[in-house]
Amino acid sequence: MEGLLESVEEQIPIGSAEVRATFSSGSGRVAGCMVNEGKFVKDCGIRVIRKGKTVHVGVLDSLKRVKENVKEVSAGLECGIGMDDYDDWIEGDTIEAFNAVQKRRTLEEASASMSAAIEEAGVEL
């Protein structure tokens with residue numbers, strides 16, 4: 001039965017950074033950032049947060065360190081972050097990096113989520 005359940009995507013946080021400046025490049029605008037914790041890895045998922053609200057979720061397409069393309073930047077280092085589908089960076093934005101993994105659901109999890117949805121809808125059984 002569990003094999004028939006759809007898997008769910010889980011986002012595992014791997015790092016966060018703060019936008020300190022923005023720069024124009026040939027491919028659009030780039031965010032100059034300081035990695036505060038964890039690390040940023042090219043092609044990982046990133047979430048742009050402005051004033052406590054998520055304004056964009058996408059994939060990190062360009063990661064540079066001192067004008068060199070790199071695969072990874074660790075905490076305490078500055079880097080340039082670019083995305084193909086987003087360039088509305090503002091100083092002070094927070095960027096969270098995450099890895100998306102597919103997780104298989106168990107029957108207990110499916111039952112609990114269905115019970116919560118029924119209860120939220122106000123349906124009595």
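Student: In which sense do β3 and strand β9 pair, and over how many bridges?
Tutor: This is a predicted model, in which local features need pLDDT of at least 70 and side-chain atom pairs count only at pLDDT 80 or more, while totals for chains, interfaces and linings use all residues. Residues are numbered from 1 along each chain as its sequence is written, and side-chain values use heavy atoms, with hydrogens and water left out. Strands (E, at least two residues) are DSSP runs, numbered from the N terminus, and two strands pair if DSSP finds at least two bridges between them. Here β3 and β9 (residues 94–103) pair in the antiparallel sense, over five bridges. Within that pairing, Ile46 has Ala97 of β9 as its bridge partner.

Student: Which strand do six bridges join to β3?
Tutor: That is β4 (residues 53–59), and β3 and β4 run antiparallel. Val48 has His56 as its bridge partner in β4.

Student: Which residues of β3 point one way, and which the other?
Tutor: In a regular strand the side chains alternate between the two faces of the sheet. In β3, Gly45, Arg47 and Ile49 point one way, whereas Ile46, Val48 and Arg50 point the other way. Every one of them is buried (buried means under 20% relative accessible area, exposed over 50%, partly exposed in between, with a 1.4 Å probe and protein chains only).

Student: Why is β3 described as largely enclosed by the rest of the structure?
Tutor: Because six of the six residues in β3 (residues 45–50) are buried.

Student: How many disulfides does a search of the whole structure find?
Tutor: A disulfide is a covalent bond between the sulfur atoms of two cysteines. The test is a pair of cysteine sulfur atoms within 2.5 Å, and the search finds zero. For Cys33, the nearest cysteine sulfur is that of Cys79, 5.2 Å away, which is too far for a bond. Cys33 is buried, at 2% relative accessible area, and Cys79 is buried too, at 7%.

Student: How many aromatic pairs does the search find?
Tutor: A pair of aromatic rings is described by the distance of the centres and the angle of the planes. Rings of Phe, Tyr and Trp (its six-membered ring) pair if their centres lie within 6.5 Å; planes under 30 degrees apart count as stacked, over 60 as edge-to-face and the rest as tilted. The search of the whole structure finds one pair. Tyr86 and Trp89 form this edge-to-face pair, with 5.1 Å from centre to centre and 90 degrees between the planes. Both Tyr86 and Trp89 are buried.

Student: Thanks, now I can look for these myself!

Definitions and conventions. Helix = DSSP H or I, 4+ residues; strand = E, 2+ residues; numbered from the N terminus.
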